[in-house]
Amino acid sequence: MTKQSVVVPEVAVPMPHNTAPLFPYPPPRAASGVSVRKKYLQAQLDLGAGRINGWVESMRASSPTHAKAAAALAAGAVDDELAAWMVRHPSALSKFEQIVAASKGKKIVVFLDYDGTLSPIVDDPDAAFMSDTMRRAVRSVAKQFPTAIISGRCRDKVFEFVKLAELYYAGSHGMDIKGPAKASRHNKAKAKGVLFQPASEFLPMIEQVHDSLIEKTKCIPGAKVENNKFCASVHFRCVDEKSWSTLADIVKGELKEYPKLKLTQGRMVRQFYFSFFVVADMCSHQTILC
Ligand SMILES: O=P(O)(O)OC[C@H]1O[C@H](O[C@H]2O[C@H](CO)[C@@H](O)[C@H](O)[C@H]2O)[C@H](O)[C@@H](O)[C@@H]1O
């Protein structure tokens, strides 16, 4: 372990093509034949000037507004990396019988992502509403299995969207976890809404970062800073590509001021954000500096 903040790659999960979407967003595909992941990994090792270029390159490669990506989307092109990913992660629907057979005698727990999975991706993060059809689907899943939603968003916000008290919610990239507020057959004894917030001591620091980022990004049209309670996210979906390096500079500067914080970058076609957060040791509640 080194005492340095790093950019942690988000596990970006492109939706397989062969599932019937419950919302009208095209399944994300990698931007071109170039491996976005390789470029991204190259970009994360330090925070020097070259790295800013790496970040911007990664932002650009993941953008559907980028000409190449738009062309790839229009042509339905799938690059090698995505094709390989899809072989490793086939649609659960196409493997349903195998899943049923493999789950015999085992306890199943369902973990769901929110943005881009239960809700459509939209420009305004506050307007990523979930459909009633999707809510009904999640409710029926939760009747059968303990079900959790894991998100980079603030937990309260996810609950506001989902409104199902029988679920587990993990917000702020797992820094804020709450058990179901409503009893169900999976959690009769523990329906007290058990709370797990290992990074509480860092709330004032995250608040400061959030406020400072709002101030510093004011000059960049389209930039949006979201308060996700135990993390702060900078959205660049609506920022003109010409301003991305300025924005990446701001993010880099902020990270230098707060070395205890980690940075993750939402990648692939559907995600456009940087998130500042604390990584906590789940056992000792101490901060880990990787
Ligand atoms: O872990 P998730 O539940 O997938 O959350 C990841 C981020 O999702 C949200 O941002 C993404 O969706 C927005 C609404 O569709 C979109 O405008 C943005 O460009 C996407 O990156 C959320 O706002 C972030 O805080 C989450 O970290």
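Me: In what kind of contact do the side chains of aspartate 115 and arginine 153 meet?

Reply: They meet in a salt bridge, with 2.6 Å from N to O in this predicted model. A salt bridge here requires a side-chain nitrogen of Lys or Arg within 4 Å of a carboxyl oxygen of Asp or Glu. The structure holds 13 salt bridges.

Me: Which parts does the pair of aspartate 115 and arginine 153 tie together?

Reply: Aspartate 115 sits in the loop between strand S2 (110-113) and helix H6 (132-144), and arginine 153 in the loop between strand S3 (147-150) and helix H7 (155-162), so the pair links parts 38 residues apart in sequence.

Me: Are aspartate 115 and arginine 153 buried or exposed?

Reply: Both aspartate 115 and arginine 153 are buried. The cut-off for that label is under 20% relative accessible area, and exposed means over 50%.

Me: Which residue does glutamate 257 meet in a salt bridge?

Reply: Its partner is lysine 216, at 3.4 Å from N to O. Glutamate 257 belongs to helix H9 (residues 244-257) and lysine 216 to helix H8 (residues 203-217), so this pair ties together parts 41 residues apart in sequence. Glutamate 257 is exposed, at 51% relative accessible area, while lysine 216 is partly exposed at 34%.

Me: What does lysine 218 pair with?

Reply: The side chain of lysine 218 forms a salt bridge with that of glutamate 215, at 3.0 Å from N to O. Lysine 218 counts as exposed because its relative accessibility is 60%.

Me: Which residues are linked in a network of salt bridges?

Reply: One such network links Asp126, Lys157, Glu160 and Lys224.

Me: How do I read the sheet, and what is the order of its strands?

Reply: Strands of a sheet pair through backbone hydrogen bonds, either parallel or antiparallel. In this structure, an open sheet of five strands runs in the order S2-S3-S4-S5-S6, and its pairing is mixed. S2 and strand S6 (195-196) are the edge strands, each pairing on one side only. S2 and S3 run parallel and are joined by four bridges. Within this sheet, aspartate 113 stands opposite isoleucine 150 in S3.

Me: How many cavities of 30 Å³ or more does the structure hold?

Reply: There is one cavity of 30 Å³ or more, and the largest cavity contains about 30 Å³ of space. Its lining includes Ala142, Phe145, Pro146, Thr147, Glu166 and Tyr168. Also in the lining of the largest cavity are Pro180, Ser184, His186 and Asn187.

Me: How do the lining residues of the largest cavity divide by type?

Reply: The lining has five nonpolar residues, four polar and one charged.

Key
Residues are numbered from 1 along each chain as its sequence is written. This is a predicted model: local features need pLDDT of at least 70, side-chain atom pairs count only at pLDDT 80 or more; totals for chains, interfaces and linings use all residues. Side-chain values use heavy atoms; hydrogens and water are left out. On a 1 Å grid over the protein atoms alone, a cavity is a set of points where a 1.4 Å probe fits but cannot get out, and a pocket is an open set with protein on both sides within 12 Å along at least five of seven lines; lining residues have an atom within 4 Å of a point. Grid points are joined across faces, edges and corners, and a volume is the space filled by probe spheres set on the points. Ala, Val, Leu, Ile, Met, Phe, Trp, Tyr, Cys and Pro count as nonpolar, Asp, Glu, Lys and Arg as charged, and the others, Gly among them, as polar. Helices (H or I, at least four residues) and strands (E, at least two) are DSSP runs, numbered from the N terminus. Buried means under 20% relative accessible area, exposed over 50%, partly exposed in between (1.4 Å probe, protein chains only). Two strands pair if DSSP finds at least two bridges between them.
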